[in-house]
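Dear colleague,

I am passing on the structure below, and my notes on it follow. Please read them with the structure open beside you.

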Amino acid sequence: MKKRRILIVEDNPRDRSLIAQYLGTDKEFTNQVLEAPNADEGLNYCRAVKVDVILLDLQLPGMNGLDFILELRREFKTLCWPIVVLTSAGDEATAVEAMKRGAQDYLKKPTLSPDRLLRAINNASERMAYQRAADEKLFRLEQANHRLEKENADLRAELESFHHGPGSGHSSFERPQDREDLSA
C-alpha cells in the first residue's frame, strides 16, 4: 500500500479527530496524519517534514487559512503541496478566494464524508502533479528557447561580420556574375 503524509491544519480538536478517522478508511494509501491546531504550527511542519497534502481550515486563530496560503507562497516561492480547504457553512466566497490563491479544492465541513474527503485529496494531488509536470515542461521550453535565441543572435553576428569583414567590399554570398563588370 502506498504511503502519504497529510497535514491537518485545524483548530477544532473534534474536527481534527474526525478528519483523521476518515483518513484511516483509505484503502489505497496508508495516511500518516500530522495535526496542527493553528497556522504557525502548520508552517513549522511544512518547514520540517515532507508533507504530501494539506487539509486547511480557513477559520484559524491568529493567521487565517488565506494568510497561511500566502505565507506558504512567500516562504517557499511556490505552492509545493496540494491544499484542500475545509469550510464551514457560508464560507464559499472565502473558499473560492483560497482557490484563487492556490488551493486545489474545498469541502464543506457539514457535508464531509470519508469518500468526499479522500476523493478531494486524490484529485488535488493529481492536479498538483499535472501542474508540476506542466511547469517543468514550460521551464524546459523556456530554457531551450533562450538557448536558441542566443544561438540565433550569435549566428547573426557571425553572418554580419562575414558580410562586412575586412577587405570584403561585397557580400560573400554574391555570385561573380551578379557583380558589375568594372573593367568595361
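This is a predicted model: local features need pLDDT of at least 70, side-chain atom pairs count only at pLDDT 80 or more; totals for chains, interfaces and linings use all residues.

Which residues does Phe76 touch, not counting residues up to four places away in sequence? They are Cys46, Arg47 and Trp81, where touching, or contact, means heavy atoms within 4.5 Å. Residues are numbered from 1 along each chain as its sequence is written, and side-chain values use heavy atoms, with hydrogens and water left out.

Phe76 lies in helix H3; helices (H or I, at least four residues) and strands (E, at least two) are DSSP runs numbered from the N terminus. Its relative accessibility is 24%, so Phe76 counts as partly exposed, a class that lies between buried (under 20% relative accessible area) and exposed (over 50%), with a 1.4 Å probe and protein chains only. Although Phe76 and Arg47 are 29 residues apart in sequence, their C-alpha atoms are 9.1 Å apart in space.

Turning to the sheet, it is open and has 5 strands in the order E2-E1-E3-E4-E5, with parallel pairing; two strands pair if DSSP finds at least two bridges between them. E2 and strand E5 (105–108) stand at the edges with a single partner strand each, so one side of each is left without a neighbour in the sheet. From one strand to the next the twist averages 25°. E4 and E5, which run parallel, are joined by 4 bridges, and Thr87 stands opposite Lys108 in E5.

H3 lies across E1, E3 and E4 and runs at about 145° to E3, while H4 lies across E4 and E5 and runs at about 160° to E5; axes are lines fitted to C-alpha atoms, for helices over the stretch in contact, and angles run from 0 to 180 degrees between N-to-C directions.

Leaving aside neighbours within four places in sequence, Leu56 is in contact with residues including Val9, Phe68 and Ile83.
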